[in-house]
Amino acid sequence: MSVSAFSLTRFPGGISGLLQVAFLLILLLLLFKAAQLYLHRQWLLKAVQQFPHPPFHWLFGHKREFPLDQELQQLLKWVEKFPRACPRWLWGSNLFVVIYDPDYMKVIMGRSDPKALRTYKFLSPWIGYGLLLLNGQTWFQHRRMLTPAFHYDILKPYVAIMADSVRVMLDKWEKLISQDSPLEVFQHVSLMTLDSIMKCAFSYQGNIQLDRKSYSYVQAIGDLNRLVFTRVRNVLHQNNTIYRLSSNGRLSDQACQIAHKHTDQVIQQRKAQLKDEGELEKAKGKRRLDFLDILLFANMENGNSFSDKDLRAEVDTFMFEGHDTTASGISWILYALAAHPKHQQRCREEVQSLLGNGASITWDQLDQMPYTTMCIKEALRLYPPVPNVSRELTKPVTFPDGRSLPKGIVVSLSIYGLHHNPKVWPSPEVFDPSRFAPDSTRHSHSFLPFSGGPRNCIGKQFAMNELKVAVALTLLRFELLPDPTRIPFPVSRLVLRSKNGIHLYLRKLQ
């Protein structure tokens, strides 16, 4: 007591002195941080000085030029005005260089730069570190392990499974349609592609499209698509603690729980099946294993190098990428055909001559519908399922026109911008399937619906097969017409969406 009293009496300014010192240290720290940010910003300005761009606010960057749901439309203005590439400032010292030129694409995709984790890291609470987010040697090992799951011997029997899933969807549509009201197709297509991927790649038994529990998973994926995209563009939500306290953060946590519960059930169901010796021997006796069995056997045989966490990440990744991207592709293709009835009818006639009433469709027949394939590719050009991907440069790069960027710059490869670039595709907004005629020529990197280079989509053949099966069987059953009062409005998310849904009139063919 006496010591304490003496201390307070002896040093009456002690507490205020400590506060002054603390304040001074905080001020110095803030000044140091401000100097860091200023120097980094000056470095960025110098790094992109060869690339013209519109004026930007020192704090808010180009935010005012890019309203959330108008990004794609603003991007196309830049594509016309700024050749090949343009820097985009998000805020402060945060920028990426958007590229939309095939020569530039070829240079970047031919390198081994990693995904830009400053943006992709926000996906990790949802899909973990699977093929989409991994880099380096671990990515290479996982890619090599999973490549056999997409061998044509594995993909061939999937065609019949895909056809069954499509027919379930079309049967539902027959019961739902009326002459007076259009149908919003994206949700139905999403359930169909989820049903298909579950049965093909995950040995699932059941019918996702008739199970109302699956609706919550599809809804959760839609929410996460939007939430991750908007988080990347919100400076306050870069911090995990602040984000978790926000309404978006809480919604994201709930959606992740729903997604993880779904994938955990798929993994546990297959694990339970493999405990049966007969099923295990049957799986081991296959010449080639399907996607989930490859993962489960890798986990059983070498759990140290391929853990339960790795298994879950790959399942979450492919469950999302294997159904949501194809759902986007199919929905936009159906809209494109509805909006262009002459091309739709020509595709229908081709499919009718090949498949008759569509009672069956085989692997070999998928390569015998050239005009339908041309229309599918043209729709994928106009509406690429993945609008952009990002890379972080690990070493300097010099482009064919002599301009260069240093190590550390984030490059956004705008597939949407590339596909709508008038210097690459004349009259880019016109639906013209002849661009993909067998005798047509184009730049090797002018059409990238499945990305390109060593990190291209591992399931691109699976996806193309599903697109062809869905389009062919739909055209045999229905005539498609657009809803003129609700023209789809493309918005940029992780996967291309329509702000107002994709509404079509469906008329049953006799």
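**Group meeting: a walk through the predicted model**

M369 is buried, with a relative accessible area of 0%; buried means under 20% relative accessible area, exposed over 50%, and partly exposed in between, with a 1.4 Å probe and protein chains only. This is a predicted model, in which local features need pLDDT of at least 70, side-chain atom pairs count only at pLDDT 80 or more, and totals for chains, interfaces and linings use all residues. Residues are numbered from 1 along each chain as its sequence is written, and side-chain values use heavy atoms, with hydrogens and water left out.

Back to M369. This residue sits in the loop between α17 (341-355) and α18 (370-382). Helices (H or I, at least four residues) and strands (E, at least two) are DSSP runs, numbered from the N terminus. What does M369 touch, not counting residues up to four places away in sequence? The list is E350, L354, I361, K468 and A472, where contact means heavy atoms within 4.5 Å. S331 is 38 residues from M369 along the chain, and their C-alpha atoms are separated by 19 Å.

Next, the sheet. Four strands make an open sheet in the order β1-β2-β7-β4, with mixed pairing; two strands pair if DSSP finds at least two bridges between them. β1 and β4 (388-392) are the edge strands, each pairing on one side only. From one strand to the next, the twist averages 30 degrees.

Now the pairs in order. β1 (residues 85-91) and β2 (residues 94-99) are antiparallel, over six bridges. Within that pair, R88 has F96 as its bridge partner, and P87 has V97. The two strands form a hairpin with two residues between them, and G92 in the turn has a positive phi of about 45 degrees. β2 and β7 run parallel and are joined by three bridges; here V97 stands opposite V411. β4 and β7 run antiparallel, with five bridges, and E392 has V410 as its bridge partner in β7.

How many residues of β1 are buried? Seven of the seven, so β1 is largely enclosed by the rest of the structure, although it is an edge strand. β7 (410-414) is mostly covered too, with five of its five residues buried. Both of its faces are covered: V410, S412 and S414 lie on one side, and V411 and L413 on the other.

Helix α4 (residues 102-109) lies across β1, β2, β4 and β7, running at about 125 degrees to β7. Axes are lines fitted to C-alpha atoms, for helices over the stretch in contact, and angles run from 0 to 180 degrees between N-to-C directions. In helix α3 (residues 71-81), the buried residues are E71, L72, Q74, L75, L76, W78 and V79. What covers them includes β1, β2, α11 (213-232), β7, α19 (415-419) and β9 (490-491).

Now the helix pair α13 and α14. Helix α13 (residues 247-274) and helix α14 (residues 277-284) pack at an angle of about 100 degrees, with their axes 6 Å apart. They are therefore roughly perpendicular to each other; the cut-offs are under 35 degrees for roughly parallel, over 145 for roughly antiparallel, 65 to 115 for roughly perpendicular, and oblique for the rest. On the α13 side, R270, Q273 and L274 meet E279, L280 and A283 of α14.

Also in α13 is T263. At 1% relative accessibility, T263 counts as buried. Beyond residues up to four places away in sequence, T263 touches R312, V315, D316 and M319. T263 and V185, 78 residues apart in sequence, are 24 Å apart in space, C-alpha to C-alpha.

Last, the core. A nonpolar core is a set of buried Ala, Val, Leu, Ile, Met, Phe, Trp, Tyr and Cys residues joined through side-chain atoms within 4.5 Å. Which members of the largest one touch the most other members? Of its 153 residues, they are W126, W173, F202 and L405. Helix α16 (residues 308-339) gives the largest share of this core, 14 residues. Leaving aside neighbours within four places in sequence, F202 is in contact with I197, V266, F291, L292, V315, F318 and M319. V315 and M319 are also among the contacts of T263.
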